[in-house]
Amino acid sequence: MAGVVGRRGSASLIDFKFGAVDTQTIEDALLHLAQENERAVREARGQAGSFRETRIVGVVPGLGGNGEFVFLLSEQWCLEKSVSYQAVEILERFMVKQAESICNQPVTVVRGNEKAESWNWRAQKEELCNMFVLRLVSCVQLASKLSFHYKIVSNVTVLNFLQALGYLYTKEELLESELAILKSLNFQINLPTPLAYVEMLLEVLGYNGCLVSAKQLHGTCLTLLDLVYLLHEPIYESLLRASTTPMEQGRKYVSVKEDFMLLAVGIIAASAFIQNQEWWGQVVEHLHSITGIATESIAEFSHAILTHGVGASTPIRQQPGLHHLAARPLRAAATCNM
């Protein structure tokens, strides 16, 4: 993999300019994201999050585990970071739908050897596995078309890449792969990503009088967001163990994994701790004021991220210091699921 997707240097980051949008626009956008998040949490399926695990986000199955596949592929094709997250979310929803479709096939009982299995289950499973790399690359290509029209990944580029991995596909098969994904998701692939929540909350922090520079936090947030995707299972498992009883874990685990608002506040709080520990308490209080998520939940999430990501630890058992905020708070009806 290292020979196929070598590092050409990091994909360029947009020079964000925080504080340039008017308050009403930000308030409306934040409310929309909060509502979308609440709906996603409410409608979370049992298999949600299964295809964000490290061996899919970070490693190509069968290629020896050399390198982070989606992230390195986006870097190789000089795509922005947002494309990586968008591609993972498209792949996640597509694969969950495909898995559910296979599992819901009618069952045929074979009396001779007393086996009961789906009439076409094995064939469909094998086909899904064989097409996985193609589907993953198609998700990256679709995400590139959504995000940056001037940086669309061409069919020639994709086919050359797949050929280098030993997969021989035609342009027609590539187009059919994109169409299969689009049809499966009812052409609804412009999905919210955790990055959208992080950047929106950073924008609101600036308007609410937080002394921490949003631009300064942004780069650290991107790094930690990558870590959360690559260490998805251990971070969320430790978070669930710390915040729920064993009986509650199964019920809450899926909804917590789909709560991007909760992930965003944890990412920002952890970034603030890395930048300057003295800022941590103030940032946590601001995030609580904006989202309504309990400070304990924010502290627990940032603690899990830092423990698994960089080996540091926030003062999770301590209540963040209270600050008198001379601010114009922008509030969203975000639901805490902890």
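Buried, in these notes, means under 20% relative accessible area. I am reading a predicted model, so everything below is computed from that model.

**Entry 1: a serine.** Is S289 buried or exposed? Its relative accessibility is 18%, so S289 counts as buried. I then looked up where S289 sits, and found it in helix 14, which spans residues 277-291. Next I checked S289 against L205. The two are 84 residues apart along the sequence, and their C-alpha atoms are 10.0 Å apart in space.

**Entry 2: helix 7.** I moved on to helix 7, residues 155-164. Which of its residues are buried? My list reads V158, L159, F161 and L162. Looking down the helix axis, I see these buried residues fall within an arc of 160°, so they line one face of helix 7. What do they pack against? I found three partners: helix 3 (69-76), helix 6 (132-147) and helix 8 (171-184).

**Entry 3: cysteines.** A reminder to myself: a disulfide is a covalent bond between the sulfur atoms of two cysteines. How many disulfides does a search of the whole structure find? The answer is zero. I still wanted to know how accessible two of the cysteines are. C210 has a relative accessible area of 9%, so it is buried. C221 has a value of 2%, so C221 is buried too.

Notes:
Residues are numbered from 1 along each chain as its sequence is written. This is a predicted model: local features need pLDDT of at least 70, side-chain atom pairs count only at pLDDT 80 or more; totals for chains, interfaces and linings use all residues. Side-chain values use heavy atoms; hydrogens and water are left out. A disulfide is a pair of cysteine sulfur atoms within 2.5 Å. Buried means under 20% relative accessible area, exposed over 50%, partly exposed in between (1.4 Å probe, protein chains only). Helices (H or I, at least four residues) and strands (E, at least two) are DSSP runs, numbered from the N terminus. The arc is that of the directions from the helix axis to the C-beta atoms. Contact means heavy atoms within 4.5 Å.
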